[in-house]
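Here's a quick walk through this one, with the cut-offs spelled out as they come up. Have the viewer open while you read.

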2 protein chains.
Amino acid sequence: MSGSSALLTDRYELTMLDAALLAGTHDRECVFEAFTRHLPPGRRYGIVGGTGRLIELIEQFRFGDEELEWLRSAHVVRDATIDWLADYRFSGSISGYREGEVYFPGSPFLVVDAPFAEGVILETLILSVFNFDSAVASAAARMVTAAVGRPIAEMGSRRANERGAVAAARAAFIAGFSATSNLEAGRTWGVPTMGTAAHAFTLLHDSEEDAFRAQVEALGAGTTLLVDTFDVERAIERAVRIAGPELGAVRLDSGDLPSLVRTVRAQLDSLGATKTRITVTNDLDEFTIAALAASPVDSYGVGTAVVTGSGFPASGMVYKLVAHRPRGHVGDWIPVAKKSDGKASVGGRKHPVRRLDESGRAVAEAIHVIGEDDVVKDRGRDLLVPLITDGVADRRYLGADGVRLAREHRASAMAELPDQAFRLGRGDPVLPTIFV
Amino acid sequence: MSGSSALLTDRYELTMLDAALLAGTHDRECVFEAFTRHLPPGRRYGIVGGTGRLIELIEQFRFGDEELEWLRSAHVVRDATIDWLADYRFSGSISGYREGEVYFPGSPFLVVDAPFAEGVILETLILSVFNFDSAVASAAARMVTAAVGRPIAEMGSRRANERGAVAAARAAFIAGFSATSNLEAGRTWGVPTMGTAAHAFTLLHDSEEDAFRAQVEALGAGTTLLVDTFDVERAIERAVRIAGPELGAVRLDSGDLPSLVRTVRAQLDSLGATKTRITVTNDLDEFTIAALAASPVDSYGVGTAVVTGSGFPASGMVYKLVAHRPRGHVGDWIPVAKKSDGKASVGGRKHPVRRLDESGRAVAEAIHVIGEDDVVKDRGRDLLVPLITDGVADRRYLGADGVRLAREHRASAMAELPDQAFRLGRGDPVLPTIFV
């Protein structure tokens, strides 16, 4: 696989570039904004995921010989455009919501300032990253709320594209999950990894007893034994007999969990394994997690629901040209917006502020549509921070450090939200978006 | 990004390996099968997508120094297991349904014959690839049916993880789409690419007229002009005036399509542009495509719905150990199956056959549960073909050639299905699955 991200791009980005180069409009200074018109139906807020990944992918957005040769042979663009692409390296500036920030309809969570040619060809990559990562982060945040402090592990790699799975593990961690099963997410993004054994391990051995012994031998008594391959009650008796009361945890991956968990807890306690934890992993989502709030569950593992955005696998984000002016021209930005039926947008550069009341509670997403020299007077929290300045990335947001920062920021941004944000039932966005 | 696929894996695959190596059970000969317990609710068949990609990813499944060093530092497995992984290279055999094949609940579309250690660590990768690619292929096939012969382009890259998007473009093409917007899918998999311009191109210019002129200048009169940025009627008048009646196509990305398309066709005809095609791209899925069957649409572009499996972004596929025996032992396979509540599986090696009637129409998915020397007597079509034999891949299934082959096979496999398979409304699987 090529290390370049440059062809992870829709063909029309390059044909627009081709035509603009010929017309001489490629170097107009432009402002592009990414935002969503709506949250998924019933959702009260969203979580921005993907920012740190995007910055790294933009650094890898270079057209090498392989990419250029293919573009030439496929007659995608003219030779002059191939030459332009050979030198491409993003030299503009990008500001945005910090990763982990809460967003609402209309929130301009990414603002790209660049010549048309440089900004337009990033559109597909920007939207791919945010549409997927934010869908996962937004669903994961609701699950974390539903778990009321109990840890949740992301285990959905097998239900997502193999590379998407790594991004999903990262996004879920930013949203408050405690760990992932995905090893690449551990290596690349520093997400803690977890996992011990599947049913296959039990079935491989001549008996469940042999399997448990083999696992405890290799992984220690603190391991998690999967106890529902045959008969849960007999498995738990075996598990505690083999590992002793130091057994770390038992995992339940099937059955009617609320009643089963209660029975299992009682059995563990009766065997003296009062500190052995119970983890459950049976096709959970935010609603089934919430339904287990009163059950003696110690931790959750979530797969399909989190990596597919719990019903909304794409966040509906779009990337729009909102203003431009001739190159080198000072002042006089021309705000632009399409008028397409049902898809009209607001032209002009925006400055978003989260308004807070005296107690620090968020009350509105105030989006100031501003001119070149306007000073925004708003007591709220400024939402845009510089991510890339004149082509140079702020490295604090990259790699595992960026992930940790995003996870912390997500916690503090969510702490500002009013309580009704955290209801799982369907509702409207919890803050109004106000264009000022 | 590393070229290795080895860490695209759940941690528990490696901890199971670790424990099996210590117990000496790692080299038991095993049969693993991948299948789904259910189709998504209401679906009548599924399309296998991902086989060719998987074979290539298995060839890249090697633990290099970087991967091993990280596993060591993260204390994922013991040092002896690290040494075993350093030499890992899949030496077993894999047979499966040909890519593009139709599948049903219980269809063992992939069968892995390998020592436990070699087969178990591929589980996550196998499921990631098939769960995603097959979800896309299965949704795409329904859209192709709904389009009754009109071409459909896949344009959903921006609604999927950036690497998942490439796999999605490939899967949609196998399922009968005619092209993709995704350039990497063009380069890597030979999928035809398409696309001309977005609203941003019109908004960049001083007028729609300037934008159309610039595009026609660069891309020729045969290009597709996007005509709904401001006012469709005036845009079409301009488009034909600028490009002439040779204008290739106009694209509509908003509005009430059935009525709009009719008006646009009449206007184009009245301007003499009788051969100018109409392509529509406004958030389509199989149902909205079907609703346009009587409208004078020439082609469709589909985004979100196809890359997210039209409501079912993961196919629910699982990978199970179904039989094993001691290493070097002839005969006497031990069939195994878990009994977990609601997740019970059928043990033993399986030989699937698609039964056909005298006219060649499919009537059942017959799955023979067989012993070592059993000869399957069934007049149907054998569904398993060798993909990897003793570690060596059949190269016909790889790369762009494999994609073409899969696309052809999908067409012939679908042609066997009874007519009711192609109804879009909810229904049961169109063939019964019979365990023989």
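## A pair of helices in chain A

A:R241 is partly exposed, its relative accessible area being 44% (buried is under 20%, exposed is over 50% and partly exposed is in between, with a 1.4 Å probe and protein chains only). Its side chain meets that of A:E209 in a salt bridge, 3.0 Å from N to O (a side-chain nitrogen of Lys or Arg within 4 Å of a carboxyl oxygen of Asp or Glu). That pair ties together distant parts of the chain: A:E209 sits in helix α10 (residues 208–219) of chain A and A:R241 in helix α11 (residues 232–243) of chain A, 32 residues apart. Helices here are DSSP runs of H or I with at least four residues, strands are runs of E with at least two, and both are numbered from the N terminus.

## Ground rules

This is a predicted model, where local features need pLDDT of at least 70, side-chain atom pairs count only at pLDDT 80 or more, and totals for chains, interfaces and linings use all residues. Residues are numbered from 1 along each chain as its sequence is written, chains are lettered from A and ligands numbered from 1 in the order in which they are written, and side-chain values use heavy atoms, leaving out hydrogens and water.

## How the chains meet

Turn chain B by 180 degrees, with a shift of 0.0 Å along the axis, and it lands on chain A with an RMSD of 0.0 Å (least squares on the C-alpha atoms of residues with pLDDT of at least 70 in both). That is how a two-fold axis relates copies. The copies meet through the same surface, since 100% of the interface residues of chain B are also interface residues in chain A.

A:R158 is in the loop between β6 (152–154) and α7 (164–174) of chain A, while B:E13 is in helix α1 (residues 11–23) of chain B. Both A:R158 and B:E13 are buried.

## Helix α10 of chain B

Buried residues in α10(B) include B:F212, B:A214 and B:V216. The buried residues of this helix pack against α1 (11–23) of chain A, plus α9 (199–204), β8 (224–226) and α11 (232–243) of chain B (contact is heavy atoms within 4.5 Å). After α10(B) comes B:G220, with a positive phi near 90 degrees.

## Other salt bridges

The whole structure has 68 salt bridges over all chains. Among them, B:R396 and B:D394 pair up at 2.6 Å, N to O, and B:R396 is exposed, at 52% relative accessible area.
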